[in-house]
Amino acid sequence: VSTQSTWGLLDERRRYLFAFRRYYLQAGELIFRKQKRSEEVDRMIRNCEFQIDFCKETLDPDLHRYREQLRELQLTRVEVLDRVRRLEVRAAERVDQFQPHEEALHAAGVEFESPLLEQSEEAADRRTKVLNQRMRFIERDREELVDREAADIETLNANTKQARLTGISSLVHTLSPHKSLPRAHGYTAKKASPAIKGKSRVGNME
């Protein structure tokens, strides 16, 4: 093989390296975005399932609408996962086509960073960024939905116990308009009032 042909083939491999690198990095970003979209759809499905299960507790009249949303989200998840699978298959095929050229370039002494390594590093950076964002949201949700509720339950249990000991039933007026219940501290024990026999009459609750 002539030197001119050898250099021509090497230049062709360099151009192929440039084209593959651009494709592979773009494919990696697109696949990542589709995967995150799939995770978001999964989260929305879980929320919708929770709403459906919780309808009977909240007397929510939109049960039918939630079920329709759930069906639509499940179809969307199938479509997104199929798109991800096809992108991954295509990317794997391109890698198989590129590897002989990569080996030939290395054998010819051409120095370059493998697009596979670049993509791996970029994927790690993107996932780290998303993870940090998710951790911030999870921490906020945990504080609002878990810690605060746990504290309120603890207060309710303490007030209920104190009310039983003192006979002060107003300590557990849980239907008051206040958002949080006062903790039962500093109350002096009093003799419990005699229990009122018979059924209590409840007025209009609205």
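A charge counts as sitting over a ring if NZ of Lys or CZ of Arg is within 6 Å of the ring centre and within 35 degrees of the ring normal. With that in hand, select Y23 and R94: the arginine lies over the face of Y23, 5.9 Å from the ring centre. Then try F32, where R126 lies over the face at 5.4 Å from the ring centre.

A word on what you're looking at: this is a predicted model, with local features needing pLDDT of at least 70, side-chain atom pairs counting only at pLDDT 80 or more, and totals for chains, interfaces and linings using all residues. Numbering starts from 1 along each chain as its sequence is written, and side-chain values use heavy atoms, leaving out hydrogens and water.

Next, select F20 and Y24. Rings of Phe, Tyr and Trp (its six-membered ring) pair if their centres lie within 6.5 Å; planes under 30 degrees apart count as stacked, over 60 as edge-to-face and the rest as tilted. There are four aromatic pairs by this rule. The centres of F20 and Y24 are 5.2 Å apart with planes at 20 degrees, so they are stacked.

Is F20 buried or exposed? Buried (under 20% relative accessible area; exposed is over 50%, partly exposed in between; 1.4 Å probe, protein chains only): F20 has 4%.

Last stop: F50 and F54, also stacked, at 5.2 Å centre to centre and 15 degrees between planes. Here F50 is exposed at 53%, while F54 is partly exposed at 39%.
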